[in-house]
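Hi,

Here is the structure I promised to pass on. Have a look at it first, and then read my notes below.

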Amino acid sequence: MNRLSLTQVGKRFDNGTQALSGLSFDVAQGEFVSLLGPSGCGKSTALRLISGLITSDQGEIIWHGARPQMGFVFQEPTLMPWSDALTNARLPLDLQHLPRAEANARAAAALARVGLNGFEEAYPRELSGGMKMRVSIARALAAQPKLLLMDEPFAALDEITRAGLNDDLLALAQQDDITVVFVTHSVMESTYLSDRVLVMSPRPGRITADIALPTRPRDRLSREFAAAQRRVAAALLEAA
Amino acid sequence: MNRPSLLAKMLDSLFPALLGVALLVLWQWIVTAEQIPPYVLPSPLAIAEALIANFPSLMASLFATLRVTMEAFAVATIAGIAVAVLFSQSRLAERALYPYAVILQVTPVVAIAPLILIWVGFDRVETALVLIGALVAFFPILSNTTLGLKSADFNLMELMRLYGASRWQILWRLQLPSALPYLLGALKIAGGLALIGAVVAEFVAGSGTATGLAWRIIEAGNRLEIATMFAALGLLAALGVAIFAGLSGLEYLLLRRWHESALKRPS
């Protein structure tokens, strides 16, 4: 994938809800893009359209270059409670019928990368919320994605855990040159993580602002960061 | 350490046993003191004597009943899971067949038993007994497993689809494990029902052809050997308890690592 383009995409659900209308944006290879908007603005729907889980009824989603291997992380860790961390991280590989030894090696490596060395045999109920989310990210990484779609992955976590996972996610995405489309309703989080923040209007959702942010690394306490955060917040208020 | 001491634990499990012994003593005392005739209520000692005197033949009957129960249970389990999987794969099959499964359930199986015996034939009584036991045990397995297969985490199902899972992969890796706690709960009910079905079927099958404990109860009743009747009844109860304990053990083994029901919480 060189670039992903959504042009004038619209989606109406069976129950008559117009979730999206005239949604257009581009994502370049290696970019970290956040979709920021109020609850119910169609952010998740946009992500599901990109994933191919649902199809749009207006407009087009165009992949310049081949459709990349994708990885998915939801708001809930959505782990299999009957499987240990390694088996959970291995899921995408098992579904592709990868040989067990190779799948185990890749899943273990993915767990190590999210800081869960030694937790391979732990069951989800033995892990904290943050650790479960790490397993969920490891599962996405095990698929070796070029595009990572994340739907409010850290919304249910406390501030401190969230900040740690934000840093780890950035590092992982940069190391592997992974493109990320990140859905959130947190101004702080989107400002900290993204190359670009796309602000969405309430339903039917479309992009009302496309804010490019200064280069990383960013200091959450710096004056520049506060200014950037204010720009994003102002755009969000204007959209609503 | 806040754990209950070993002594307290032993007392805990000793208590029901002590109560049982006390009741037996009371029973023995009342029967002796009131001089209740043994054909009305035999004393525990008389029952024990009857058990020992008829031990080989009662054991043979016990194993006959056990075999029918286990076969009925196995047939019901396999059929129940198979039909539940069919329902999960095809809404049409579920809509078409489920009402008939309910009718099968609400019709007292004792009422069908004579018909089944005639159809299967009195030369193959054991097959008929297994079939009747299986019919009684079938429904809870079907309905619970169907519910369990439907209770799979929807987000996890979407995730698997996104990673290109086939419907069989979703069934095997997601729906069946999700249904496991429901299935195990149903098996505990079905194990008891299979025993009830086997006993009822034997009552219906009646004279001569049957060899299980139910027949021994009828036979002993006809001969007014009430102590033997109680001995057979005691063995049936023990069999029921053993089946329940075995299935509870299986449940614990399969769920203890991950399911909420097996969680130990600090109290």
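This is a predicted model: local features need pLDDT of at least 70, side-chain atom pairs count only at pLDDT 80 or more; totals for chains, interfaces and linings use all residues.

**Chain B**

How spread out is chain B? Its radius of gyration is 23 Å, whereas the globule rule gives 18 Å for 267 residues; that is well over the rule, so chain B is more spread out than a compact globule. If you want a box for it, the C-alpha atoms fill roughly 75 × 65 × 30 Å along the principal axes.

The helix pair I'd look at is α6(B), residues 125–150, with α8(B), residues 167–205. Their axes come within 7 Å and cross at roughly 155°. Angles over 145 degrees count as roughly antiparallel, and α6(B) and α8(B) are therefore roughly antiparallel to each other. The crossing is right-handed. As for what sits in that contact, you'll find 25 nonpolar residues, eight polar ones and one charged.

**Chain A**

Here there is a sheet to look at. Three strands make it up, in the order β2-β1-β4 of chain A, with antiparallel pairing, and the sheet is open. At the edges stand β2(A), residues 18–28, and β4(A), residues 58–64; each has a single partner strand, so one side of each is left without a neighbour in the sheet. From one strand to the next, the twist averages 10°.

Zooming in on one pairing, β1(A), residues 3–12, is joined to β4(A) by six bridges, and the two run antiparallel. If you'd like a landmark there, Leu4(A) stands opposite Trp63(A) in β4(A). Helix α1(A), residues 43–51, packs on this sheet and touches β1, β2 and β4 of chain A. The direction of α1(A) makes about 60° with that of β2(A).

**Where A and B touch**

How many residues are in contact between the chains? On the chain B side there are 15, and they meet 16 residues of chain A. Two helices of chain B, α7 (154–162) and α8 (167–205), each supply at least two residues of the side that touches chain A. The largest share comes from α7(B), with seven residues. By class, that side of chain B divides into eight nonpolar, three polar and four charged residues.

Cheers

Key. Residues are numbered from 1 along each chain as its sequence is written. Chains are lettered from A and ligands numbered from 1 in the order in which they are written. Two residues are in contact if their C-beta atoms, placed from the backbone, lie within 7 Å. Helices (H or I, at least four residues) and strands (E, at least two) are DSSP runs, numbered from the N terminus. Ala, Val, Leu, Ile, Met, Phe, Trp, Tyr, Cys and Pro count as nonpolar, Asp, Glu, Lys and Arg as charged, and the others, Gly among them, as polar. Axes are lines fitted to C-alpha atoms, for helices over the stretch in contact, and angles run from 0 to 180 degrees between N-to-C directions. Angles under 35 degrees count as roughly parallel, over 145 as roughly antiparallel, 65 to 115 as roughly perpendicular and the rest as oblique. A crossing is left-handed if the near helix is turned anticlockwise from the far one by less than a right angle, and right-handed if clockwise. Two strands pair if DSSP finds at least two bridges between them. The radius of gyration is taken over C-alpha atoms; the globule rule is 2.2 Å times the number of residues to the power 0.38.
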